[in-house]
Amino acid sequence: MPITLRVVRSGAPVEALSLVAALTLAASAAVHAQACPDVADLLLRNGRIHTMADEPGTEPVIFSSIRILGDRVARLGAPGVRDLGQTDCTEVIDLEGRTVIPGIIDNHNHIVLLGLRPGHDTRLESARSIDDALAMLAARAAEVPRGEWITSIGGFDLPQLGGRFPAATELDRAVPDHPVYLQISFTGPGATNSAGRAFLAERGIDIGADGAIAGGGFGGASAATRTLHALRQLQTLDDQKRGTQDAMRYAASVGVTTHVDDGGFPAAGNDTDGAAHFDPYRAYDALLALHAEGALTNRIRINFLHMEADPATPELVARLNNVFPEFGDAMLRTLGIGEFTAGTSPMILQATPEWLAGTRRVAEAGWRNENHSLTQGDFPVIIDGWQQVHDDLPAPGISNLRWVVAHAPFITREYADKLRALGGGVSVLGGWRYISGTAQQNGPPFRMLAASGIPMGMSSDGMQIAPMNPWLGLYYVVTGMNAQGELINADQTLPRREALALYTQANGWFLGEEEDLGTLEPGKYADLLVLSADYFDEQAVADEAIRDLRPLLTMVGGKIVHGDPDAL
Ligand SMILES: [Zn+2]
């Protein structure tokens, strides 16, 4: 009987001409194909691996190696342990002593809106001067076809650029071959260059002599919102898919691997819409298309934002009746309602009938819910209103639903305790205060909240008023300093490890995925960062330099989504 060997990977039978040839072929196939299953099998060794699984306040265990099988962590090795069950199929990456941490989970941001930005978005959030901003725009323009828009809408603020936009002449020098549109916040103001002016002037939009584009208030048209509208008219679904991929690529480059998206304002579809408005019915088209193609490189969780004046909240009712909460897969899942439930104001300063009715409906449906707090006056309204809804429901009320108050710069211990008793948590942010905070507009009270014992996790609230870059947020938590170097949150800082725990370990709870995400432990997803320097070493990385930390390598579910292991 002739000997027939089968190379498993190709599936093609190999007829044996001689026994020696057959055995030689079999041996090489066994090493390179036959024995190697088609899943990621990685060993990262010779590193300083912080799992972030240790109890706060205890001395952390630092591992030196980590084995990844498929999309999960298989084993961790203490220093000196060389055998993690690796085989000839295991790809080995030498970390050369570098620090590894879990991927950053941003528990409240607006990644979907960032993906929908018109033009080729350029994040200026880490710029510290006009020259920085111009260099970032020039670098972006170099990779974009001539004539296409270079934009940067939200995520940065003028104080970090020395108090002004770049002038049109400066933009022309840095980006001569592309129209440029820069805008802060939701509705401007903004700025453009000569090529941008030509396009916008044709559409009757007023541009100042130095390229300035006036902003406006919420719900009205201004030169800035007219510009947004004109640029959105140019967009196709393919542009939105590219923008969404760019947004995920940026996130991976700063170390964010998972996002909770907290929606957008319902768009009017005209020239009054700001940067945070989207069509609530079509906003997820690009994301869903990329998900179907297997092209998502970050994990995204969706909260549905609802704003409506009618106390019958028909849109919210339809959502609760027709959408599955916490449905999806490891890359894309629906989560709950947020960051608004009902009503028309982004400031929840009174418990209006529609807000109370909508809140009650979310509770009755057993969904998660999130509302934001920005002032001294809104968190008592929210938490007392939630208490009222809870008290009206049969036990356990909302206590198992993990409702979240987000941002909460001024929340008090009294209300943190009330929310904790309701089973809720607080999402705190840092980057917003870093770029725009003052001695009066400071907080959140990180230290008070940590002492209270309420679940507290960190977010950026990027991309309109705040930067996504988590290193800016961590810098603010650790130092209490804003971008101008003013100490504005001195009494409420946290040590580095506790700060990072808010962005990793603590955020598993906010996703409802603490069994899968937030720490590097066997059985959890292999989402990790290999850092450019050791965040935990205060000698090697001074406080000022926390802002400059970046991942050299970012991994999501065992796949490298940023960086090159050969360049470590
Ligand atoms: Zn938000």
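Asn-400 sits in the loop between helix H11 (378–392) and strand E22 (404–407), where helices (H or I, at least four residues) and strands (E, at least two) are DSSP runs numbered from the N terminus. The model is a predicted one, so local features need pLDDT of at least 70 and side-chain atom pairs count only at pLDDT 80 or more, while totals for chains, interfaces and linings use all residues. Residues are numbered from 1 along each chain as its sequence is written, and side-chain values use heavy atoms, with hydrogens and water left out. With 60% relative accessibility, Asn-400 counts as exposed; buried means under 20% relative accessible area, exposed over 50%, and partly exposed in between (1.4 Å probe, protein chains only). Asn-400 and Ala-212 lie 188 residues apart in sequence, and their C-alpha atoms are 50 Å apart in space.

Two other loop residues come out as partly exposed. Arg-203, in the loop between helix H5 (194–202) and strand E15 (212–213), has 42% relative accessibility and so counts as partly exposed. Its C-alpha atom is 8.0 Å from that of Ala-230, 27 residues away along the chain. Ala-351 belongs to the loop between E20 and H10, and its 37% relative accessibility makes it partly exposed. Leaving aside residues up to four places away in sequence, Ala-351 touches Leu-356 and Val-381, contact meaning heavy atoms within 4.5 Å. Between the C-alpha atoms of Ala-351 and Tyr-475, 124 residues apart along the chain, there are 35 Å.

Now to the metal. The zinc ion takes its protein donors from His-108 (NE2), His-110 (NE2), Glu-339 (OE) and Asp-461 (OD), at 2.1 to 2.2 Å. Donors here are N, O and S atoms within 2.8 Å of the metal (3.2 Å for Na, K and Ca), and since water is not among the atoms, sites may look incomplete. Along the chain, the donors follow the spacing H-x1-H-x228-E-x121-D. Distant parts of the chain are linked this way: His-108 is in strand E10 (residues 104–109) and Glu-339 is in the loop between strand E20 (332–337) and H10, 231 residues apart. The angles subtended by the 4 donor atoms around the zinc ion run from 85 to 174°, which makes the arrangement irregular. As for the cut-offs, four donors count as tetrahedral if all angles lie between 85 and 135 degrees; four count as square planar and six as octahedral if opposite donors are over 155 degrees apart and all others between 65 and 115; anything else is irregular. His-108 counts as buried because its relative accessibility is 0%, and Glu-339, at 5%, counts as buried too.

Glu-339 also turns up in the backbone geometry. A cis peptide bond, with omega of about 0°, joins Gly-338 to Glu-339. Another cis bond runs from Gly-443 to Pro-444, with omega near -5°, and Pro-444 is placed in the loop between helix H13 (431–436) and helix H14 (446–452). Most residues other than glycine have a negative phi, and most peptide bonds are trans. Met-52, a residue other than glycine, has a positive phi near 60°. Met-52 is found in the loop between strand E4 (48–50) and strand E5 (62–63), and counts as buried at 4% relative accessibility. Glu-96 is not a glycine either, yet has a positive phi of about 50°. The loop between strand E8 (91–94) and strand E9 (99–102) holds Glu-96, which counts as exposed at 53% relative accessibility.

The axes of helix H9 (residues 314–322) and helix H10 (residues 353–365) come within 10 Å and cross at roughly 5°. H9 is therefore roughly parallel to H10. Axes are lines fitted to C-alpha atoms, for helices over the stretch in contact, with angles from 0 to 180 degrees between N-to-C directions. Angles under 35 degrees count as roughly parallel, over 145 as roughly antiparallel, 65 to 115 as roughly perpendicular and the rest as oblique. On the H9 side, Leu-316, Val-317 and Leu-320 meet Gly-358, Arg-361, Val-362 and Ala-365 in H10. Helix H7 (residues 237–254) and helix H8 (residues 285–292) have axes that come within 9 Å and cross at roughly 75°, so H7 and H8 are roughly perpendicular to each other.
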